[in-house]
Amino acid sequence: MVPGEENQLVPKEIENAAEEPRVLCIIQDTTNSKTVNERITLNLPASTPVRKLFEDVANKVGYINGTFDLVWGNGINTADMAPLDHTSDKSLLDANFEPGKKNFLHLTDKDGEQPQILLEDSSAGEDSVHDRFIGPLPREGSGGSTSDYVSQSYSYSSILNKSETAWQQHDVQELCRVMFDALEQKWKQTEQADLINELYQGKLKDYVRCLECGYEGWRIDTYLDIPLVIRPYGSSQAFASVEEALHAFIQPEILDGPNQYFCERCKKKCDARKGLRFLHFPYLLTLQLKRFDFDYTTMHRIKLNDRMTFPEELDMSTFIDVEDEKSPQTESCTDSGAENEGSCHSDQMSNDFSNDDGVDEGICLETNSGTEKISKSGLEKNSLIYELFSVMVHSGSAAGGHYYACIKSFSDEQWYSFNDQHVSRITQEDIKKTHGGSSGSRGYYSSAFASSTNAYMLIYRLKDPARNAKFLEVDEYPEHIKNLVQKERELEEQEKRQREIERNTCKIKLFCLHPTKQVMMENKLEVHKDKTLKEAVEMAYKMMDLEEVIPLDCCRLVKYDEFHDYLERSYEGEEDTPMGLLLGGVKSTYMFDLLLETRKPDQVFQSYKPGEVMVKVHVVDLKAESVAAPITVRAYLNQTVTEFKQLISKAIHLPAETMRIVLERCYNDLRLLSVSSKTLKAEGFFRSNKVFVESSETLDYQMAFADSHLWKLLDRHANTIRLFVLLPEQSPVSYSKRTAYQKAGGDSGNVDDDCERVKGPVGSLKSVEAILEESTEKLKSLSLQQQQDGDNGDSSKSTETSDFENIESPLNERDSSASVDNRELEQHIQTSDPENFQSEERSDSDVNNDRSTSSVDSDILSSSHSSDTLCNADNAQIPLANGLDSHSITSSRRTKANEGKKETWDTAEEDSGTDSEYDESGKSRGEMQYMYFKAEPYAADEGSGEGHKWLMVHVDKRITLAAFKQHLEPFVGVLSSHFKVFRVYASNQEFESVRLNETLSSFSDDNKITIRLGRALKKGEYRVKVYQLLVNEQEPCKFLLDAVFAKGMTVRQSKEELIPQLREQCGLELSIDRFRLRKKTWKNPGTVFLDYHIYEEDINISSNWEVFLEVLDGVEKMKSMSQLAVLSRRWKPSEMKLDPFQEVVLESSSVDELREKLSEISGIPLDDIEFAKGRGTFPCDISVLDIHQDLDWNPKVSTLNVWPLYICDDGAVIFYRDKTEELMELTDEQRNELMKKESSRLQKTGHRVTYSPRKEKALKIYLDGAPNKDLTQD
């Protein structure tokens, strides 16, 4: 890479200055936070006047001379020092500057005002070129760096300040740079401040020599390592050895043809020779083998695994040029600080004055004073002999790999491999294996078949007996080092013991059914394998906090299968057996768990033997229609049903002769054990089983099981769930009076009667408890009457009318005295036509999954209803006291029940998202099945709010939502069409259940339901959330109300219905032509809906839809769908502010039309209009400090609907500006103040959200010791 000809080379005439002491000045600019880490290095003759120093500094930093001060910074308090006089003619020597040492200065504000910036003059002469050369060089990848031989510089400060760099993975060479910088930061202002440079830093010369006149320009660079190319660019053959690569490194190149060099002496372009010469070699020489390259054929990074040998001893004297040693060295470079330019370590010392390289370090071929020269002929041949002592090895590819080191001990010449925490001896042959490649021909593709483990970095040490000091013995360490080593060893031993304990610790799940709370508790038991079972029981006893609940001798550990809820075995007589033996050794996972079983003091533990099966027995009482809690018995799979009955008979004291046993093999799959000789295994018993036992002498024993009372009771038991229903807080009277007239299918007379019944005397309204009591008694009487009618065979009566139409409103009853403690609503709703019964496998969660106002876990929303289809399987009824009949079926009879049944799907209802409460024949959908329903008051927990009334409802989950709502009518006090059902999910999130023909199959025990007054949706209706769009407000999206839109309704009709609601609920007085509705997507405004648009035809609508209501300032400009409405906002750079939004309506997607419209509303000339599309969510907020340069201004497109705009719908945000308007110039104080305001504004609106992708964990380097770990965190 050819250095720039203007400011990178020094004419040789400048070298001819008189030999005199020189003063090294290092200046730090403290006037700005951005420059506080920058330093300026000047190496001036001691006779230079102070004013010339100020002039040089002013030229270097670009300030006007006289607008800044220079004060001493050699560890002295600058506040106590008077600044230097910028007009003084004193020499630097007379001004107390010390030659041969580093003189530190601070550049500060003058009289409290920041320095004035000097505008650069492009016509600067040779002096300015010289000044620029001796000044500070560009940081972070200077444009003047010679990257063909200089590796990239990484400073510790830059990595800390750039999070995207700090979290990226670096290779070992870059890691060395980061560590060196961290060490320099730690050692600053100490005796070891220059230790890194003393050990690792060398110097080389970059020169260009004219081949016509011999004129030569050059500069000096420093390096910490020498990067050696494995395979030259464009070559198919790699270098064979390190020596060959070093010779290629200093091999000069000829600049000819178009690359000719402009010679200052010849005043024309001439052929020239450009190259590098080594001047100094460090004590520790680092060679980087550049094995990572880029393949321009495949366009991928690759690793070069070619073979490159390296010697144990390396003679570097062959790389010193004799010609360079005959010429002056120190005087040839007027500023040693210029060595940073394009160096391998250009920013390594940016944060510390003491890191400057004004004093030559390493192996000097010249003296520090510059008055003595050492020629190559005076050097001994072995003075530059280096010995290899460290090899950094990379194993892997360019995509990733692993680093480890091979290091030689100088005490015994033995090589060791340091691979993570493993250290092992290796031989010289192992070192040779890291040469890479193979010993065969070195063709272009040789590395593809070579080993991927090879040397990446080599470190040599100079063989100098004077410097090769023997390492310290352990007893010679300083005391603090000994203490540190001792602590490290103790910590290592502790970790080793901990790892040993971990390897011998059994970790297994532990369960315990709390003896008083009856709650299954779970924990993890960690017990050493040598601990006995007795000790493990004591540990589990304390872990479950049972000390004050139950004695220790009432607990034991048993083998447990949590998945099947099965007790596998107990451990009698093995209290002293080690846990490792009982559990089968220490394993990462176990196929079983442990249960801490408890008993009462007067009980005895039951013995559990391997091979037994566990059976939970529920006793069924047909007369009381109850199912008792389970008791556990143990049985064997080879036992017969007869033997099993005898076993149960002994446990529950029921006669075995009349005993019926029903096995529940899976959910609601009931199997009667009727063959006495069959074994339990043949009947389908498994490890854990559930059976129902009934023993009576009733006629039910002789009936077929599918038609028996027992089957119906078990069917009800399996399908009944418990729900908690929150009733409306306010009295329903006023609401029902307003809405009762809307009941579908009712004549005016009946409606009036209903209203009167609901209304009642104003002064004698009854409480909710009275309503519950009266309604329950009335419905119980109706239920008994229906049973009697059913016994008489008159079952057709209930098919004509709804049962609830025969019930008077409980509010009208005055003298009911029935108890409320045992209310039961048992309603018979008979199927009028089984053929028309519809089955749908959709849940209310499917309907509500598109709500944007809240979110529910996907596992909750994805729950689906059971596909059980309830139909009338038999024509004959068997009326029962509990409201069950022979129409109920289970999955064991589904096939029979569905034979000949035609399932119908109502696609209109499926699409609409809601179902009418009544079918086309006008019959209630609740009239389809006999379903169990029982409700009673419930005292909710504290905190639910005063005045709230709860019901605890036991209901068959196969009931439809429509029938469920009809059952709730007496308790709510209004018709089912006038209240809504909301299902309460986790975190109290509520979703409305609207599909009336769906069952409650997705509900489970103890689910909560909230009842709210309001008109329920009918078929084809949708509940819509209406938000107001306020484009120029801080919060542009404001919720107004919930409305109901219907299929086939026009937008204008929906607006007419909204007007009174907006007036009553929101206090907005709007006329129909002064507002519009438009699409809402999250917070972004979209398509404008025109008045003639029809829902479901022109506008897609869904449940819980959301729309924007936008108040218009004038007449609606949108007349057709071909128009495009965009929101424009003017940016005024001269004022650093944004104007309010203005809507622009375009007739087409033409950019020219957009420019014309923007010119009309702003007055900006058409040719000066520049625009850009906003980014992100509306209102596309962006800081005024970033908008001028961050947006894609004036895109080169002719239409708006193409990349990069993609404006195809209404609501897009367009920023525009006057291109002739200049950006306001801000002072640092104004900028900081504006930055604070913008940051506060954007945080409030939530529009500046940064995303930080998680990357590989970085190595942390602490300057002052590692921070204390927070023991409270995992």
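I count two strands as paired if DSSP finds at least two bridges between them, and I take helices (H or I, at least four residues) and strands (E, at least two) as DSSP runs, numbered from the N terminus. The model is a predicted one, in which local features need pLDDT of at least 70 and side-chain atom pairs count only at pLDDT 80 or more, while totals for chains, interfaces and linings use all residues. Residues are numbered from 1 along each chain as its sequence is written, and side-chain values use heavy atoms, with hydrogens and water left out.

I looked up an open sheet of five strands, which run in the order 41-40-44-42-43 with mixed pairing. Strand 41 (1037-1046) and strand 43 (1084-1089) each have a single partner strand and stand at the edges, so one side of each has no neighbour in the sheet. On average, neighbouring strands of this sheet are turned by 40 degrees against each other, direction ignored; axes are lines fitted to C-alpha atoms, for helices over the stretch in contact, and angles run from 0 to 180 degrees between N-to-C directions. I then noted that helix 24 (residues 1051-1066) packs on the sheet and touches strands 40, 41, 42 (1075-1081), 43 and 44, its direction making about 130 degrees with that of strand 41; contact means heavy atoms within 4.5 Å. Strand 40 (residues 1021-1029) pairs with strand 44 (residues 1105-1111) in the parallel sense over five bridges, and Leu1109 in strand 44 is the bridge partner of Gln1028.

Entry on Arg1217. A polar atom of the Arg1217 side chain lies 3.1 Å from the backbone oxygen of His1188. Not counting residues up to four places away in sequence, Arg1217 touches Trp1131, Ile1164, Asp1168, Ile1169, Glu1170, His1188 and Trp1193.

Entry on Thr309. I found Thr309 in the loop between strand 14 (300-303) and strand 15 (313-315), where it counts as partly exposed at 26% relative accessibility. Its C-alpha atom is separated by 8.1 Å from that of Gly436, 127 residues apart along the chain.

Entry on cysteines. With a disulfide taken as a pair of cysteine sulfur atoms within 2.5 Å, I count zero disulfides. Cys506 counts as buried at 0% relative accessibility, and Cys1180 counts as buried at 7%.

Methods:
A polar contact is a pair of N or O atoms within 3.5 Å; within protein, one must be able to donate a hydrogen and the other to accept it, and residues adjacent in sequence count only if both atoms are side-chain atoms. Buried means under 20% relative accessible area, exposed over 50%, partly exposed in between (1.4 Å probe, protein chains only).
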